[in-house]
Amino acid sequence: MESKMSLEEQKVRLDKVTEDVLKMIDTYGFKQEGAYNLRLNGMAVCRGDSRHINIIPKEDKPGIDIHISGEAKDEMVHIPVVMSQEGVDVVYNDFYIEDGADVTIIAGCGIHGEGCSETRHDGIHAFHVGKNANVKYVENHYAEGDGTGKKVLNPVTKIYVGENSVFTLETTQIRGVDSTERENYIELGENAKLFVTEKLMTDEGQTAISNMDVELNGENSSARIVSRSVGKGTSKQVFHPRAIGNNSCHAHIQCDSIIMDQAEISSIPEIDARHVDAQIIHEAAIGRINDEQLVKLRTFGMTEEEAESVIIESFLK
């Protein structure tokens with residue numbers, strides 16, 4: 001069981017590896033101020049509350065409960081995870097977001113692997129969102145290090161969005177992760193809105209599977225899901241979003257991918273209408289880098305590798 005730490009105990013000195021990884025996964029800038037919780041190698045090493053956000057360690061399993069008051073307006077909470085030692089870390093985090101809250105949650109996991117054994121983090125997150133709330137959840141995944149052990153991230157995200165609330169989900173994985181399996185399940189209430197942007201790049205022999213089920217249960221609920229990915233080397237990707245319209249609703253799924261080298265990419269958007277007024281659209285496109293773009297950038301003096309990097313960076317923005 002993780003114990004609640006006093007304010008004096010929460011301020012800890014972080015080593016350079018941890019600080020460098022945090023810079024990659026928390027683009028908003030992690031600080032030991034306000035509402036935050038840093039998990040390092042399977043342990044919560046520092047934690048803090050703000051006036052409207054309270055973080056409580058779970059008593060029955062590893063993880064935290066994050067309670068966000070309806071009085072929170074344009075507030076942030078940072079909950080990064082860093083793994084710099086071999087092993088498996090499983091954590092359960094639950095978010096309870098009251099009616100009217102406006103909050104940005106910055107999460108993500110960074111692995112620094114130097115050993116020969118697997119380093120893996122499985123984060124199971126559940127979001128319980130009240131009415132008239134505005135929630136943005138940013139999750140960045142990253143791995144580095146010269147170790148031969150696999151660097152693995154398997155996030156599970158469950159989101160329950162209440163009436164008239166907006167939930168924005170931004171997930172990014174652009175480097176170093178050998179294997180990932182993402183499972184997302186989302187339910188939308190009446191007039192609830194969901195915006196999803198997923199960005200993914202794999203290289204060498206890496207694999208990535210992303211499954212997403214969105215249940216549009218409430219009348220006039222809506223969802224927009226955009227996936228952009230780049231597959232390089234001999235990597236393999238599978239993206240399977242599924243929109244289920246159980247009421248009068250709108251949903252749009254768009255999957256765009258660039259394939260390079262000997263990579264394999266499967267994009268399997270699925271739409272399931274179970275109401276006469278459910279309007280659901282899906283689009284999917286996979287292709288190579290445009291030769292005309294390469295030639296144009298080469299005329300500016302870039303090498304082919306530099307030109308490809310510019311195109312990929314622009315595509316994944």
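Predicted model: local features only at pLDDT ≥ 70, side-chain atom pairs only at ≥ 80, totals over all residues.
Trainee: Which residues of helix H2 are buried?

Mentor: Helix H2 runs over residues 16-25. Buried means under 20% relative accessible area. In H2 the buried residues are Thr 18, Val 21, Leu 22 and Ile 25.

Trainee: Which residue caps the N-terminal end of H2?

Mentor: Look for a side-chain oxygen by the backbone nitrogen of Val 17.

Trainee: What is the volume of the largest cavity?

Mentor: Rolling a probe the size of a water molecule over the atoms shows where empty space is left. The structure holds three cavities of 30 Å³ or more. For the largest cavity, the volume is about 90 Å³.

Trainee: Which strand gives the largest share of the lining of the largest cavity?

Mentor: The largest cavity has 15 lining residues, and Cys 109, His 121, Gly 123, Glu 139 and His 141 lie nearest its centre. Two or more lining residues come from each of E8, E9 (119-129) and E10. The largest share is four residues, and it comes from E9.

Trainee: How many charged residues are in the lining of the second largest cavity?

Mentor: This cavity holds about 80 Å³ of space. Its lining has 13 residues, with Ser 227, Ser 229, Gln 237, Val 238 and Phe 239 nearest the centre. By class, five are nonpolar and seven are polar, and the number that are charged is one.

Trainee: Which element gives the largest share of the lining of the largest pocket?

Mentor: The largest pocket has a volume of about 320 Å³. It is lined by 15 residues, and Thr 27, Asn 140, Thr 172, Ile 174 and Lys 199 lie nearest its centre. Elements H2, E10, E13 (166-173) and E15 each give two or more of them. The largest share, four residues, comes from E10.

Trainee: How many residues in the lining of the second largest pocket are charged?

Mentor: The second largest pocket has a volume of about 190 Å³. Among its 13 lining residues, Lys 151, Gly 176, Asp 178, Glu 204 and Gln 206 are the closest to the centre. One lining residue is nonpolar and seven are polar, while the charged ones number five.

Trainee: Is Thr 180 buried or exposed?

Mentor: Thr 180 is found in strand E14. Beyond four places away in sequence, it touches Leu 153, Asn 154, Pro 155, Gln 173, Thr 207, Ala 208 and Ile 209. Its relative accessible area is 1%, so Thr 180 is buried.

Trainee: What is the relative accessibility of Pro 241?

Mentor: Pro 241 is found in strand E18. Leaving out residues up to four places away in sequence, it touches Met 212, Ile 253, Cys 255, Ile 268, Pro 269 and Glu 270. Pro 241 counts as buried because its relative accessibility is 0%.

Trainee: What is the phi of Asn 164?

Mentor: Most residues other than glycine have a negative phi. Asn 164 sits in the loop between strands E12 and E13. It is partly exposed, with a relative accessible area of 34%. Asn 164 is not a glycine, yet its phi is positive, at about 65°.

Trainee: Where is Asn 191?

Mentor: Asn 191 also has a positive phi, near 60°, and is a residue other than glycine. It is partly exposed, with a relative accessible area of 25%. Its place is in the loop between E14 and E15.

Note on methods: Residues numbered from 1 in each chain as written. Heavy atoms only, no water. Buried < 20%, exposed > 50% of the residue type's maximum accessible area, 1.4 Å probe, protein only. Polar contact = N/O pair within 3.5 Å; in protein donor to acceptor, adjacent residues only side chain to side chain. 1 Å grid on protein atoms, 1.4 Å probe; cavity = no way out; pocket = protein on both sides within 12 Å on 5 of 7 lines; lining within 4 Å. Points joined across faces, edges and corners; volume = space filled by probe spheres on them. Nonpolar A, V, L, I, M, F, W, Y, C, P; charged D, E, K, R; others polar. Contact = heavy atoms within 4.5 Å.
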